[in-house]
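Here are some friendly notes to read with the model open beside you. Take them one at a time and find each residue as you go.

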Amino acid sequence: MQRLEARWYTEVCMKEGDIDHDLFKFAILNFNMVQETHQNDLKDMSRWWEDLGLGSHPKLSFARDRLMECFFWTTGVIGDPRFYYYKKWYTKLNTMVTTIDDVYDVYGTLDELMLLREAVVNLARMAQCMYQDGDGHGVPDK
C-alpha cells in the first residue's frame with residue numbers, strides 16, 4: 001500500500017515547494033511507470049478471464065465477476081512489480097475460488113460441501129509439506 005500513499009505524498013510535496021526537484025521528478029516517473037505496469041498486468045488478467053469464459057458463461061450468470069476486486073486485493077498484498085508472476089497466480093486463484101464458492105452456494109449439497117472442505121484441507125496439507133520439504137520457498141531440495 002506504500003505506492004498508494006506515494007500519490008498523496010507527491011501532492012503534499014508539490015504544495016510545500018521545498019523539495020529537490022530532480023529527485024521529485026524521478027519519484028513521479030517511478031510512480032507512473034509502476035502504475036503503467038499495474039495497468040498492463042490488469043489487461044493480461046482481463047484477457048485471461050475473458051478467454052476462460054467463466055465471467056460471461058450463461059450457466060454461471062449467478063457467479064460474481066470479481067476479477068478487478070481480486071486483482072486489486074492481490075496488488076495490495078504483492079505490490080512490487082517484480083513479483084508479477086506471483087501476483088498473476090494469486091489473482092487467478094482468488095477469482096477461481098470466488099467462482100467455486102458461488103457455484104457451491106447455489107448448487108452444493110451438504111455432502112458435496114463436506115467433500116470440498118476435505119479436498120481443500122488436503123490441498124493445504126500437501127502445500128505445507130511441499131513448503132517444508134523444499135528450500136523454504138516451495139522449491140524441492142536437489
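The points below go from the whole chain to single contacts.

1. **Ground rules.** This is a predicted model, in which local features need pLDDT of at least 70 and side-chain atom pairs count only at pLDDT 80 or more, while totals for chains, interfaces and linings use all residues. Residues are numbered from 1 along each chain as its sequence is written, and side-chain values use heavy atoms, with hydrogens and water left out.

2. **The whole chain.** You will find five helices and zero strands, in the order α-α-α-α-α. Helices here are DSSP runs of H or I with at least four residues, strands are runs of E with at least two, and both are numbered from the N terminus. Of the 142 residues, 20% count as buried; buried means under 20% relative accessible area, exposed over 50%, and partly exposed in between, with a 1.4 Å probe and protein chains only. Contact means heavy atoms within 4.5 Å, and among contacts with a separation of 6 or more, 59% join residues 24 or more positions apart.

3. **Helix α4.** This helix has 24 residues and reaches 34 Å from its first C-alpha to its last, close to the expected 34 Å. The expected span is 1.5 Å times one less than the number of residues. Its buried residues include Lys-87, Asn-94 and Asp-102, and what covers the buried residues of α4 includes α2 (21–52) and α3 (67–77).

4. **A closer look at Thr-91.** Is Thr-91 buried or exposed? Thr-91 has a relative accessible area of 0%, so it is buried. Leaving aside neighbours within four places in sequence, Thr-91 is in contact with Met-45, Leu-67, Cys-70, Phe-71 and Thr-74.

5. **A nonpolar patch.** On the surface, Phe-83, Tyr-85, Tyr-86, Trp-89, Tyr-90, Leu-93 and Val-97 form a nonpolar patch with about 760 Å² of accessible area together. Patch residues have over 30% relative accessible area and no salt bridge; like charges are joined within 9 Å, and nonpolar side chains (Val, Leu, Ile, Met, Phe, Trp, Tyr) within 5 Å. The areas come from the Shrake-Rupley method with a 1.4 Å probe, and for residues only the protein chains shown count as cover. Val-97, in helix α4, is partly exposed at 47%.

6. **Aromatic pairs.** The structure holds five aromatic pairs. Rings of Phe, Tyr and Trp (its six-membered ring) pair if their centres lie within 6.5 Å; planes under 30 degrees apart are stacked, over 60 edge-to-face, and the rest tilted. Trp-48 and Trp-49 have ring centres 5.6 Å apart and planes at 40 degrees, so their pair is tilted. Phe-62 and Tyr-107, with centres 5.4 Å apart and planes at 70 degrees, are edge-to-face. Phe-62 lies in the loop between α2 and α3 and Tyr-107 in helix α4, so this pair ties together parts 45 residues apart in sequence. Ring pairs also link Phe-83, Tyr-85, Tyr-86 and Trp-89 into a cluster.

7. **Salt bridges.** How many salt bridges does the structure hold? There are six, each a side-chain nitrogen of Lys or Arg within 4 Å of a carboxyl oxygen of Asp or Glu. One of them joins Arg-47 to Asp-44, with the closest N and O atoms 3.1 Å apart; these two are three residues apart in helix α2, so about one helical turn separates them. Arg-82 and Asp-80 meet at 2.6 Å, N to O. Finally, Arg-64, Asp-101 and Asp-102 are linked in a network of salt bridges.
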